[in-house]
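Good morning, colleagues. Please take a moment to look at the sequence and the structure on the screen.

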Amino acid sequence: MTSTLSLPSLRNSDVAQYLSTSSSLTDALAGKGPRTVVLLRAVPGWDGPVELTIGGRRVRLAVAPSVLGVHELVLEHMDTDTEPPVMVVLTDREHDELDPAILARTHRQRVNLVDRWEMVRTAFGATDVDEWLKREMWAAEALLDAAGLDGWPRIPGMLSRGEALSALATRRLRLPRTDTDRIDPNILLQWSHTAGSAERLLGLRDAERDGLTAFLTDTEQAGEAGAVILDLMRAGNGADALAFGLVCAALWLHPQPDNATYQARGRAERRLGDRPPVSADELDRRMVVFARVCTAYFDTQLTRAHDRRAYRVNAPWSDTGAEIDTPWTSSVRAAREIVDPALKRAAELVRELGADTAAAASPILRAGLEARFTAVGNALVSKDPQAVTAALAELTDHRLADDPELEVRIRRVEMAQRLSRWLTPEPDPAVDTVAAALDRHMRETAWVDRALDYLEAGGDSDPALKVPYRALIKRVRDRRREIDREFATALAVWTSAGSDPGEMLTVETFLTRVVAPVAAQRRVMLIVVDGMSAAIATELADELHRGWDEYDPYPVGDIPRRRAMAAALPSLTAVSRTSLFAGVLTHGDQSVERKLFPQHRFRGKQQARIFHKDDLRAEDGHPFGKDLTHALAEPGTHIAVVLNTIDDRLAKERKLGDPSWELREIGDLTALLRTADEHNMAVIITSDHGHVIDRHSKHVDVPRAQSARHRWPDGSGRLAEAEIELSGPRVVWTRPGETEAHPGASIVALWDNDSRYSTQKAGYHGGAALAEITIPILALVPVGIEPPKAWLRRGLNDQSPYWWWPDRPTPEVAREPERTTTPQRKTERAAQQYPHGVEPMFELPEVSPAEPVASRDDTSREDLVSRLLASETFAGQRTLLSRPPQPQMLEKAIRALLEGPLPITALAQRVGYPSTRPPASFAAVLSQLLNYDGITVLETLPDGRTLKLNEARLRTQFGL
């Protein structure tokens with residue numbers, strides 16, 4: 001008896017494939033040739049239909065487990081005319097057991113062997129089949145079965161193992177398609193969190209499932225990470241693969257595992273189910289590889305999910321808030337559908353596995369993020385600015401910290417860190433003059449107000465931050481209150497004395513001193529943002545610097561800086577704004593402004609027009625009203641526009657919970673700037689007064705108040721603690737019993753930010769607080785455009801104080817710069833020697849033609865940079881950086897610094913550093929890279945904003 005153990009069990013697809021690939025059967029199948037019996041050696045069993053349809057023709061199927069059975073079937077079929085004309089007989093009999101006369105009446109006169117690999121070769125259109133593939137005994141049947149009606153894609157040449165089994169795995173498991181033969185771990189991870197993936201794997205026949213598993217876990221395919229994923233699939237935990245991998249990263253990549261971590265590892269291993277035994281070391285290595293693969297895959301998805309181009313896509317001018325669908329929003333949505341469920345499930349797995357300790361140290365799990373927030377809170381309690389800085393650095397390094405949805409919370413932590421630096425040591429509240437107070441407000445306390453408002457607007461739900469925030473806020477508010485008290489005292493003295501403001505800018509001198517010099521050379525657009533405080537101006541300026549250059553609007557011999565002017569008193573729109581547009585201290589409304597502004601002599605021989613809220617309403621497809629549109633088109637007309645957005649929103653309490661202000665939130669500001677750019681206009685953005693935000697205000701009960709923050713004197717001479725009396729020529733108000741306002745009046749004003757006379761609103765003005773009296777000025781031209789000569793072509797650097805960025809050192813005691821008697825010649829030389837927008841750190845002496853400055857050896861410097869970048873020391877330093885910049889960016893930075901000192905902002909712009917990150921962070925990276933072993937190669941100059949590279953030390957330190 002012949003053994004059948006090695007015979008194939010044929011199925012419909014095997015028979016169909018064999019008959020369709022046999023050219024000698026073509027006529028018989030088509031009914032054109034003689035009747036035919038095809039003997040196929042196989043297990044004589046058949047579970048399929050008695051007839052098959054192949055190529056539109058019917059074929060009869062029969063089985064013959066004996067010689068006699070073969071003889072009977074052949075004779076019966078050949079001696080009758082019944083349909084179909086072709087019969088296939090499956091038999092386990094060998095050729096020499098059958099009668100030659102019977103064989104003579106069969107196809108090819110023999111018992112045919114089904115060569116499945118030949119059928120596979122034909123199915124792929126290949127010229128041959130790789131011997132390594134043929135060793136996979138299970139694969140031929142699986143490939144033929146999976147071919148289906150669509151067949152396989154054509155593969156010219158030899159069919160390799162990788163090509164065939166990759167195609168089989170992709171089709172059987174419905175894996176994401178790839179352009180290569182490799183199915184890497186990322187593909188399996190992506191497949192693992194799609195519906196039905198585990199069912200498709202477990203639904204395969206044992207031999208095929210085991211064979212595909214062995215193939216997918218090859219080192220040339222998904223490897224050890226793939227083995228873990230497939231173990232999870234077989235154990236019924238495949239849908240958790242990515243989340244489980246993130247938890248494994250916390251467990252197996254933990255820098256200092258404790259007993260709890262080791263115990264959690266054991267519980268995690270049990271989720272892999274029954275798997276082939278491996279050693280403990282092998283399993284640990286496999287889990288490490290799997291964890292790193294999952295982390296890298298998750299990082300890619302996280303980057304897509306955090307793509308800021310897809311955020312804030314709602315039209316800022318739309319009340320409906322309808323989402324604008326873009327390619328970015330679709331990509332972010334798809335990534336979020338992976339990231340968010342994975343993080344949520346990972347948090348559940350942390351609890352199930354008891355991996356809380358490891359998760360708290362994770363740089364990717366939410367538990368790790370919350371632990372870092374807590375660490376910042378603990379550092380704030382310590383009142384140690386360095387500890388806060390270190391904790392904040394750990395927080396911002398967490399992979400989830402870049403989530404735009406966490407931006408406000410992260411920003412609050414940054415603001416807390418800044419305020420803690422400002423308080424160390426606690427600043428002296430004393431002030432000598434009003435001018436000095438306004439200047440300090442622009443340089444320092446406005447930034448304090450900006451940071452403080454971020455903390456007070458939302459706080460934090462985590463007690464670890466909530467309590468330190470409260471303590472920090474109290475310290476800052478106490479110090480700010482003392483500063484406001486000192487300022488109010490100085491303001492009262494200066495106002496009552498009626499002293500000339502000297503070089504200090506005021507609302508009534510603004511047109512003459514600031515606007516007139518520019519209007520004589522360039523067309524001006526003056527934008528008055530009603531109620532814009534200096535704190536808000538700092539925020540808008542940061543955003544404007546992406547497309548505009550800022551200049552000192554009033555260079556009076558000092559170093560260039562952002563300026564401010566003093567409001568008229570009381571700091572109300574009817575007084576301060578009207579005085580600004582009139583050029584004299586007065587009281588009025590829009591009609592007075594429309595009358596007096598065009599008459600002011602600042603305009604020279606040109607025209608000047610002013611436009612208010614109603615003039616901005618779009619008409620006839622234009623962005624503005626008809627009159628403003630026509631005025632903008634007149635080349636000789638200077639334009640002034642009043643924007644009421646800030647004042648209106650404060651009145652309606654629409655910004656209490658949102659401390660940030662962006663250009664897009666200031667109605668029509670973006671459109672006005674775009675128009676000014678198109679018409680080559682110089683832009684000056686200012687305000688008519690500042691304001692104070694109501695966070696903790698108390699009502700001060702008086703019989704009668706003229707505004708939320710000021711009243712008439714009652715004649716008693718009694719003042720509340722929060723009040724101060726102001727009188728003199730700068731006080732423009734009505735006297736008791738009179739109806740017409742005029743300079744020289746007296747008022748009582750509130751200097752304390754936490755006091756008010758009126759009903760509660762979001763914000764107030766009219767008092768004597770520093771934030772109300774200080775009016776910021778932003779002087780701008782588009783990047784790359786020549787500024788007006790009146791601004792001396794000296795662009796402003798970053799105006800933030802040293803404590804605003806954690807990597808800025810505390811500056812030395814500032815030295816008053818020497819004044820020059822020839823500022824114009826000095827400026828012209830600086831413009832020739834320094835790039836546009838870059839300020840020289842010191843004055844160069846005049847060089848006569850007879851004494852030329854020695855030229856630099858550019859060839860030597862070129863070689864210096866090349867050798868530096870190629871040096872082992874430099875490469876070693878670069879590996880120490882957690883996120884090293886691109887080599888091209890580093891090369892540009894070093895070449896630029898070799899040319900001379902550069903402001904940090906200018907350097908970041910020159911090398912293309914991302915505008916979304918603070919320039920100071922790039923300076924910190926350069927310092928970490930170049931300064932080591934206590935040698936300062938890259939120095940931050942005392943102004944805290946300029947970098948200087950020491951070439952000699954660079955050569956020595958890096959062996960160049």
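This is a predicted model: local features need pLDDT of at least 70, side-chain atom pairs count only at pLDDT 80 or more; totals for chains, interfaces and linings use all residues.

Five strands make up an open sheet with mixed pairing, and their order is β2-β3-β4-β1-β5. The edge positions belong to β2 (51–54) and β5 (111–112). Each of these two has a single partner strand, so one side of each is left without a neighbour in the sheet. Leu 61 has Val 88 of β4 opposite.

I turn now to the helices on the sheet. Helix α3, residues 67–78, packs on the sheet and touches β1, β3 and β4. The direction of α3 makes about 150° with that of β3. Helix α1 lies across β1 (36–41), β2, β3, β4 and β5, and runs at about 45° to β2.

Helix α1 also brings us to the helix pair. How is such a pair described? Two packed helices are characterised by the angle between their axes and by the distance between those axes. Here, the axes of α1 (residues 12–20) and α5 (residues 116–124) come within 10 Å and cross at roughly 70°. Because angles of 65 to 115 degrees count as roughly perpendicular, α1 is roughly perpendicular to α5. The crossing is left-handed.

Which residues meet in this contact? From α1 there are Ser 13, Asp 14, Gln 17 and Tyr 18, and from α5 there are Arg 116, Met 119 and Ala 123. By class, the contact residues comprise 3 nonpolar, 2 polar and 2 charged.

How values were computed. Residues are numbered from 1 along each chain as its sequence is written. Side-chain values use heavy atoms; hydrogens and water are left out. Axes are lines fitted to C-alpha atoms, for helices over the stretch in contact, and angles run from 0 to 180 degrees between N-to-C directions. Helices (H or I, at least four residues) and strands (E, at least two) are DSSP runs, numbered from the N terminus. Angles under 35 degrees count as roughly parallel, over 145 as roughly antiparallel, 65 to 115 as roughly perpendicular and the rest as oblique. A crossing is left-handed if the near helix is turned anticlockwise from the far one by less than a right angle, and right-handed if clockwise. Contact means heavy atoms within 4.5 Å. Ala, Val, Leu, Ile, Met, Phe, Trp, Tyr, Cys and Pro count as nonpolar, Asp, Glu, Lys and Arg as charged, and the others, Gly among them, as polar. Two strands pair if DSSP finds at least two bridges between them.
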